[in-house]
Amino acid sequence: MAYSVSDYKTDAHNDWCPGCGDFGILNAVQMAFAEMQLEPHNTMVFSGIGCSGKTPHFVKAFGVHTLHGRSVPFASGAKIANPDLEVVVVGGDGDGYGIGVGHLVNSGRRNLDLAYVVFNNAVYGLTKGQAAPTLPRGAQPKSLPLPNINDAINPLALALTAGFTWIGRGYAYDVKGLRGLIVRAIRHRGAALLDVLQPCPTYNDIHTKEFWGEKVQTERGELPRILRLGEEEYDGRVSDPGDIAEIATKRQQAFERVTRIEERTPIGVFFEIDLPTFTDRLAGRLPGMKEQALAKMPIAGAEGAPAADIGHIVEGFAV
Ligand code: SF4
Ligand code: MG
């Protein structure tokens, strides 16, 4: 059967605030799933805690609403056990770049085949607007009694140095563009981080829809604040993953592009490379994994005798 966008919608009550950027991201996720014709029974969406954590409730596929900052380990377990699953992780900036940042870094090192979509609104929306790790120093959205005392982290630079093999940024109200980025992140074989600029109209009165939509002064005159990478000559894809010089050049280019200080904020794909995934590396130790996913191995025969060599499998995970 062919799946339409509405096939990925559920009847669960949605209590996100009116105008929240989460709606744009949810729509883009459902549109991406429809474009890719993902089978709901072979697709799993994992989330952590926060407003964005409710997303799996609204997507008709398997969904797990996990613990604060722990969506990536749950998703990793599912992907390792059953590589046939399409695994998508969603979560907020507080969830993924704050309490969950260790898991973020280590999922980059593993290059597990996951797409991680981060709803980046620079605040902890669910708990009434405290400063999240991406809020710039000196910014004072309405819930803060004083301007933010901490510097913001740069999630794209962090992901690049952590080893993510696909790195992009989108904007929640650019739903069609975001759909395309989500499709690319899911199609990428390896760890993909898609940071999404997401207005929180209730608690972040600085990075609003109007802020992202306004024009800013540049050397070339007034231009929209959001800059699509297609507007400039930029190719983040490593064409030959065996070419160390090309990898170094493209990494350096991506790092420079995501850390450049400028009025405009670029969206698009900054870096992309095909490298062996964690599952590929694991299959080198556990050759049976290629033929049969761990989750599908019989653990006992008809008489109840053990059928899988669990000890051998566990040894395969030794680090
Ligand atoms: Fe969206 Fe902010 Fe409301 Fe949460 S608090 S639902 S992020 S607008
Ligand atoms: Mg947040």
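Visitor: Where is H207 found, and between which elements?

Guide: H207 is found in the loop between strand 8 (192–197) and helix 8 (209–213). Helices are DSSP runs of H or I with at least four residues, strands are runs of E with at least two, and both are numbered from the N terminus. This is a predicted model: local features need pLDDT of at least 70, side-chain atom pairs count only at pLDDT 80 or more, and totals for chains, interfaces and linings use all residues. Residues are numbered from 1 along each chain as its sequence is written, chains are lettered from A and ligands numbered from 1 in the order in which they are written, and side-chain values use heavy atoms, with hydrogens and water left out.

Visitor: Why is H207 called buried?

Guide: Buried means under 20% relative accessible area, exposed over 50%, partly exposed in between (1.4 Å probe, protein chains only). H207 has 14%, so it is buried.

Visitor: Which residues does H207 touch?

Guide: A122, L135, P136, P199 and W212, leaving aside residues up to four places away in sequence. Contact means heavy atoms within 4.5 Å.

Visitor: Which residues surround ligand 1?

Guide: W16, C17, C20, C51, N121, G125, Q198, C200, P201, T202 and Y203. A residue is near a molecule or strand if one of its heavy atoms lies within 4 Å of it.

Visitor: How does that shell divide by residue class?

Guide: Seven are nonpolar, four polar and no residue is charged. Ala, Val, Leu, Ile, Met, Phe, Trp, Tyr, Cys and Pro count as nonpolar; Asp, Glu, Lys and Arg as charged; the others, Gly among them, as polar.

Visitor: What makes C20 and C200 buried?

Guide: C20 has a relative accessible area of 9%, so it is buried. C200 has 8%, so C200 is buried as well.

Visitor: What is the volume of the largest pocket?

Guide: About 790 Å³. Of its 29 lining residues, T134, P136, R169, W212 and T265 are the closest to the centre. On a 1 Å grid over the protein atoms alone, a pocket is an open set of points where a 1.4 Å probe fits, with protein on both sides within 12 Å along at least five of seven lines; lining residues have an atom within 4 Å of a point.

Visitor: Which element gives the largest share of that lining?

Guide: Helix 9, with three residues. The lining of the largest pocket divides into 11 nonpolar, eight polar and 10 charged.

Terms used:
Grid points are joined across faces, edges and corners, and a volume is the space filled by probe spheres set on the points.
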